[in-house]
Amino acid sequence: MLMSRRCVPFTPFDGTLSESMVALVSNAGVHLKSQQPFNPEGDNSLRVVPGDVKGAELMVTHSHYDHADADRDINCVFPIDRLREFRQEGLIGGLGDKHVGFGYSLNLKETYEVTAPQVADAIERSKADLVVLTAG
Amino acid sequence: MRGLPTVLITVVPEESALMRPPRALYPVGFRLGCSLGGPGQDTLQRRVLLDALNLFLGPPDPGKIREMRYPESGGA
């Protein structure tokens with residue numbers, strides 16, 4: 001659905017965090033260590049990671065910000081272990097079935113027309129009620 | 001079409017504001033690569049994440065970026 005560029009794409013939320021499934025979406029270049037890395041010079045593909053992924057299974061491929069700290073602790077940019085703690089503590093209902101990472105691209109047209117809809121589609125299939133977006 | 005409620009954690013609020021995010025948190029002074037806090041700063045990361053999640057609650061303020069300060073960050 002095309003939206004006016006003057007719109008704020010706001011979806012209301014009237015639930016509770018403790019009953020909500022939360023998914024992460026990040027353009028910090030996060031992916032599974034077992035997945036093909038992003039092309040650091042430009043890549044419009046995305047990586048879908050399992051909902052129950054552990055932080056130690058993830059890595060960053062990105063050449064346009066200093067991710068040395070994220071390399072040591074992925075939660076600096078992709079708080080998956082923190083979300084898991086919140087689930088264990090009952091602060092959130094759970095984690096979505098999937099989370100999504102994508103990387104650096106200067107091809108904003110393709111990002112807007114191709115990548116973003118793919119991300120939205122993956123997240124809609126993740127049973128998430130809420131999405132936390134992070135960058136690098 | 002069903003939308004999904006989202007919240008953005010950003011450390012580049014000027015750029016993010018151009019996209020008119022429906023909900024957004026800016027941890028003041030944090031930098032790229034440490035948008036929720038530094039490595040091993042679990043407590044800080046939890047605070048930032050929970051503050052972001054709490055933006056789903058309460059009165060909506062679409063398009064506005066909420067600034068939050070975390071003195072314990074030490075300039076994450």
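Here are some notes on the two chains, their folds and the contact between them.

1. Ground rules. This is a predicted model, so to speak of local features pLDDT has to be at least 70, side-chain atom pairs count only at pLDDT 80 or more, and totals for chains, interfaces and linings use all residues. Residues are numbered from 1 along each chain as its sequence is written, with chains lettered from A and ligands numbered from 1 in the order in which they are written.

2. Chain A overall. You'll find three helices and seven strands in chain A; helices (H or I, at least four residues) and strands (E, at least two) are DSSP runs, numbered from the N terminus. Going along the sequence, the pattern is β-β-β-β-α-α-β-β-α-β. The C-alpha trace of chain A spans about 40 × 40 × 20 Å along its principal axes. A compact globule of 136 residues would have a radius of gyration near 14 Å, and chain A has 15 Å, which agrees. That radius is taken over C-alpha atoms, and the globule rule is 2.2 Å times the number of residues to the power 0.38.

3. Burial and contacts in chain A. Of its 136 residues, 46% count as buried. Buried means that 20 or more other C-beta atoms lie within 10 Å of the residue's own; exposed means 12 or fewer, partly exposed is in between, and C-beta atoms are placed from the backbone. Take the contacts in chain A with a separation of 6 or more: 78% of them come from residues 24 or more positions apart. Two residues are in contact if their C-beta atoms, placed from the backbone, lie within 7 Å.

4. Helix H3 of chain A. This one is worth a look in the viewer. H3(A) covers residues 108-124, and its 17 residues should span 24 Å at 1.5 Å a residue; the end C-alpha atoms are 22 Å apart, which agrees. (The expected span is 1.5 Å times one less than the number of residues.) H3(A) bends by about 35° at Thr115(A), and Pro117(A) follows within four residues. The bend is the angle between axes fitted to the seven residues ending at a residue and the seven starting there.

5. A loop residue to check in chain A. Lys127(A) sits in the loop between H3 and E7. Its phi is positive, about 65°, although Lys127(A) is not a glycine. Lys127(A) counts as partly exposed because it has 14 C-beta neighbours inside 10 Å.

6. The A–B contact. Chain A puts in 31 residues and chain B 29 residues. On the chain A side, helix H1 (68-72), H3 and E7 each supply at least two residues. E7(A) gives the most to that side, with five residues.

7. Chain B overall. Chain B has two helices and three strands, running β-α-β-α-β from the N terminus. Its C-alpha atoms fill a box of roughly 40 × 25 × 20 Å along the principal axes. For 76 residues a compact globule would have a radius of gyration near 11 Å; chain B has 12 Å, which agrees. Buried residues make up 42% of chain B. Among its contacts between residues at least 6 apart in sequence, 61% join residues at least 24 apart.

8. The sheet in chain B. Strand E1 (residues 6-9) and E2(B) run parallel, joined by two bridges; strands pair if DSSP finds at least two bridges between them. Within E2(B), Leu25(B) is the bridge partner of Ile9(B). From E1(B) the chain crosses through helix H1 (residues 13-18) to E2(B), and this β-α-β crossover is right-handed. Right-handed means that, with the strands pointing away from the viewer, the path from the first strand over the helix to the second runs clockwise. On the E3 side, four bridges join E2(B) to E3(B) (residues 65-68), again in a parallel run. Tyr26(B) stands opposite Glu67(B) there. Note the handedness: E2(B), helix H2 (residues 42-54) and E3(B) make a left-handed β-α-β unit.

9. Both faces of E2(B). In a regular strand the side chains alternate between the two faces of the sheet. In E2(B) (residues 24-27), Ala24(B) and Tyr26(B) point one way, Leu25(B) and Pro27(B) the other way, and all are buried.

10. A loop residue to check in chain B. Arg20(B), in the loop between H1 and E2, has a positive phi near 50° and is not a glycine. With 17 C-beta neighbours inside 10 Å, Arg20(B) counts as partly exposed.
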